[in-house]
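Welcome, and thank you for taking a look at this chain with me. Please open the sequence and the 3D view, and we will walk through them together.

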Amino acid sequence: MSEKNGMESLDRLKKEFTETEKVILSRRSVRQFKKEQVPEFMVKRILEAGRFAPSAGNYQPWRFIVLRDPDMMNGITDTVVASCRIFSAMTDYRRKGYGWLRPLIKFITRFRYNDLHPMPFMAIPLMADGKLDLWHGAPTVIIILKDIRGAGNPDLDCGIAGQNMVLAAHSMGLGTCWVGFAKIALDMHPKWKKRLGISYPYKFANSLAIGWTRGNPDGMVTRQTRAVDWFENGTLQTVTLGGNSSKSRFGFLDRFRIPSYNDPEQTEFGIVEIDLEKCSGCGLCAGACAANALDIVDKKPRMKKAPENGCAFCGDCVAICSVGAITMKKPYRFKGFYKTIDQGENSPPRL
Ligand SMILES: Cc1cc2nc3c(=O)[nH]c(=O)nc-3n(C[C@H](O)[C@H](O)[C@H](O)COP(=O)(O)O)c2cc1C
């Protein structure tokens, strides 16, 4: 490339996102799919994108399973729903009359802090009540298995392979959603592990729901900025991209305080604002919301109030709204152990 052409392309870069960046930035998790199946050649191309992912030591510690059998998908979903019912009955202290469970569950959360994070804790009862579908009716699912003997961190390698597949699918006009909840059946339930041939050295890593989307769920939304400390020439020059410096904002005692998920003071979920005048009443926003945070009242969406609202502030409802009736107002904030740190202003993708 000549120097002049190089400068021109740098100038263009300053003014617009590349095609790859657009695919990355406009991807949203999709939770409303058409029944129509994805052509086989497209699924194979998506798998190729996974195969070419980087991995520690190039060990490629993954195996992919394609699931397009509605009976099996329904069976796995039933297992997950049944397990969520049991789990929810044993842990959900937010129910009336179950406050006595709270200290016990908060104690257990100390040790299972990823599994009992407020987000899955809110989602499990939704799954149990059939308000959150496992694979959201997608006709194709790719299950990513990790080879636990992989070099370094096989989960990370599988995540990279999975995101390669997600972005490839998105670039082809398909919708995708990561679905970690399938773990409940595919990692914990011998019947499904046997049926799918999941055995040593493979373990469930994650799964991807893939299909043609209903409505247009893609779009760039706002997201919180995070602190980036930038060291150059021997000094910390700037903290760019928003947020606060990452240093010492998490108090020592915060480590020990698990917030109560039914106390809006301690566990404050996201808030979106709905312009009911603009709203066309299509209802796609409520279907796009994994947290079931939007009720439809008189054909119009309304945000649930705490503690029922479990909004993850992902912006999927904003992106899918074709008339621009929804705006993002306030991200979720947790106190104590899950305190949200390093978080700056909410901003759209910036050049
Ligand atoms: C590892 C992983 C697991 C996820 N599991 C689920 C899931 O089980 N169900 C679901 O509806 N969404 C799931 N998601 C999607 C997230 O909710 C979503 O990525 C997040 O809210 C941000 O929204 P966005 O993907 O539209 O940007 C998962 C995402 C990741 C990365």
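**A guided walk through the chain**

Of the 351 residues in the chain, 33% are buried. Please keep in mind that this is a predicted model. Along its principal axes, the C-alpha atoms fill a box of roughly 70 × 50 × 45 Å. How does the radius of gyration of the chain agree with that of a compact globule? A compact globule with 351 residues would have a radius of gyration near 20 Å, and the chain has 22 Å, so the two agree.

Next, the secondary structure: it comes to 11 helices and 14 strands. As for how the chain folds back on itself, take the contacts between residues at least 6 apart in sequence: 76% of these join residues at least 24 apart.

Now let us turn to the domains. The domain assignment divides the chain into domain 1, residues 18-214, and domain 2, residues 223-347. Their centres, taken over C-alpha atoms, are separated by 22 Å. Where the two meet, domain 1 gives 19 residues to the contact and domain 2 gives 20. Which elements give two or more residues to the side of domain 1 that touches domain 2? They are helix 5 (102-109) and helix 6 (118-128). Helix 6 supplies the largest share of that side, with six residues. Sorted by class, the side of domain 1 that touches domain 2 holds eight nonpolar, four polar and seven charged residues.

Gln224 sits in strand 5, which covers residues 223-226. Is Gln224 buried, exposed or partly exposed? It has 17 other C-beta atoms within 10 Å, and therefore counts as partly exposed, since a buried residue needs 20 or more and an exposed one has 12 or fewer. Setting aside neighbours within four places in sequence, Gln224 is in contact with Pro331, Gln343, Gly344 and Asn346. Gly242 is 18 residues away from Gln224 in sequence, and their C-alpha atoms are 8.5 Å apart in space.

The backbone has some details to look for as well. A cis peptide bond links Tyr200 to Pro201, with omega at about 10 degrees. You can find Pro201 in the loop between helix 9 (190-196) and strand 4 (202-211). Another cis peptide bond runs from Ala306 to Pro307, and here omega is near 0 degrees. Pro307 belongs to the loop between strand 11 (300-303) and helix 11 (316-320).

Finally, let us visit two residues with a positive phi. Gln60 is not a glycine, yet its phi is positive, at about 50 degrees. Look for Gln60 in the loop between helix 3 (40-51) and strand 1 (62-67). Because 20 other C-beta atoms lie within 10 Å, Gln60 is buried. Asn233, also a residue other than glycine, has a positive phi near 55 degrees. Its place is in the loop between strand 6 (228-232) and strand 7 (235-240). Is Asn233 buried or exposed? Asn233 has 5 C-beta neighbours inside 10 Å, so it counts as exposed.

Definitions and conventions:
Residues are numbered from 1 along each chain as its sequence is written. This is a predicted model: local features need pLDDT of at least 70, side-chain atom pairs count only at pLDDT 80 or more; totals for chains, interfaces and linings use all residues. Domain bounds come from an automatic or database domain assignment. Two residues are in contact if their C-beta atoms, placed from the backbone, lie within 7 Å. Helices (H or I, at least four residues) and strands (E, at least two) are DSSP runs, numbered from the N terminus. Ala, Val, Leu, Ile, Met, Phe, Trp, Tyr, Cys and Pro count as nonpolar, Asp, Glu, Lys and Arg as charged, and the others, Gly among them, as polar. The radius of gyration is taken over C-alpha atoms; the globule rule is 2.2 Å times the number of residues to the power 0.38.
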